[in-house]
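The sequence and coordinates are shown first.

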Amino acid sequence: QVHVVESGGGLVQPGGSLRLSCAASGVILSIRTMGWYRQAPGKQRELVATITSGGVTNYADSVKGRFTISRDNAKNTVYLQMNSLKPEDTATYYCNAAVRDGSGSYRQYWGQGTQVTVSS
């Protein structure tokens with residue numbers, strides 16, 4: 001079994017910063033792409049940013065220039081540095097990892113989510 005756990009969410013004022021972390025643990029043979037997604041109440045879940053095993057990144061237009069995704073392969077961890085936060089960034093943020101687990105196949109794993117609230 002693979003566990004994916006997010007941390008770092010919280011309440012922050014507009015213009016502030018937060019750093020989210022997501023660590024995968026368990027029987028892991030390798031991890032391909034990791035990413036962050038978010039979902040606000042009444043909205044569809046949307047992609048925020050992804051990063052490949054080789055470090056190639058992709059960002060939603062709404063967060064380009066403000067968010068930075070990175071990873072530490074040795075720790076099976078992905079990060080999301082969020083700067084210049086806006087109220088519209090308020091959402092539950094979910095981590096996703098494409099993991100080659102003990103079955104030998106790649107599978108998508110999701111974390112439980114961490115709440116980010118941007119408000120004065």
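The torsion about the S-S bond of Cys 22 and Cys 95 is about -80°, so the disulfide is left-handed. It joins distant parts of the chain, with Cys 22 in strand S3 and Cys 95 in strand S9, 73 residues apart. The two sulfur atoms lie 2.0 Å apart, where a disulfide is defined as a pair of cysteine sulfur atoms within 2.5 Å. The structure holds one disulfide. Both Cys 22 and Cys 95 are buried; here buried means under 20% relative accessible area, exposed over 50%, and partly exposed in between (1.4 Å probe, protein chains only).

The model is predicted: local features need pLDDT of at least 70 and side-chain atom pairs count only at pLDDT 80 or more, while totals for chains, interfaces and linings use all residues. Residues are numbered from 1 along each chain as its sequence is written, and side-chain values use heavy atoms, with hydrogens and water left out.

Strands, like helices, are DSSP runs numbered from the N terminus (strands: E, at least two residues; helices: H or I, at least four). Two strands are taken as paired if DSSP finds at least two bridges between them. Leu 18 has Met 82 in S8 as its bridge partner.

Strand S9 covers residues 91–101. Of its 11 residues, 10 are buried, so S9 is largely enclosed by the rest of the structure.

| Partner of S9 | Bridges | Example of facing residues |
|---|---|---|
| S4 | Nine | Gly 35 and Asn 96 |
| S10 (residues 106–110) | Five | Ala 97 and Tyr 109 |
| S11 (residues 114–118) | Three | Ala 91 and Val 116 |

S9 and S10 form a hairpin with four residues between them, and Gly 104 in the turn has a positive phi of about 90°.

Thr 92 belongs to S9 and counts as buried at 18% relative accessibility. Its side chain makes a polar contact of 2.9 Å with the side chain of Gln 115. A polar contact is a pair of N or O atoms within 3.5 Å; within protein, one must be able to donate a hydrogen and the other to accept it, and residues adjacent in sequence count only if both atoms are side-chain atoms. Leaving aside neighbours within four places in sequence, Thr 92 is in contact (heavy atoms within 4.5 Å) with Tyr 37, Arg 38, Gln 39, Gly 113, Thr 114 and Gln 115.

**Salt bridges**

A search of the whole structure finds five salt bridges, each being a side-chain nitrogen of Lys or Arg within 4 Å of a carboxyl oxygen of Asp or Glu. One of them joins the side chains of Arg 38 and Asp 89 (3.0 Å, N to O). Arg 38 lies in strand S4 (residues 28–39) and Asp 89 in the loop between S8 and S9, so the pair ties together parts that are 51 residues apart in sequence. Arg 38 counts as buried at 5% relative accessibility, and Asp 89 is buried with a relative accessible area of 0%.

Asp 89 also forms a salt bridge with Arg 66, the closest N and O atoms being 2.8 Å apart. Arg 66 lies in the loop between strand S6 (57–59) and S7, so this pair with Asp 89 ties together parts that are 23 residues apart in sequence. Both Asp 89 and Arg 66 are buried. Arg 38, Glu 46, Arg 66 and Asp 89 are linked in a network of salt bridges.

Another salt bridge pairs Arg 107 with Asp 101, their closest N and O atoms being 3.7 Å apart. Arg 107 is partly exposed, with a relative accessible area of 44%, whereas Asp 101 is buried at 5%.
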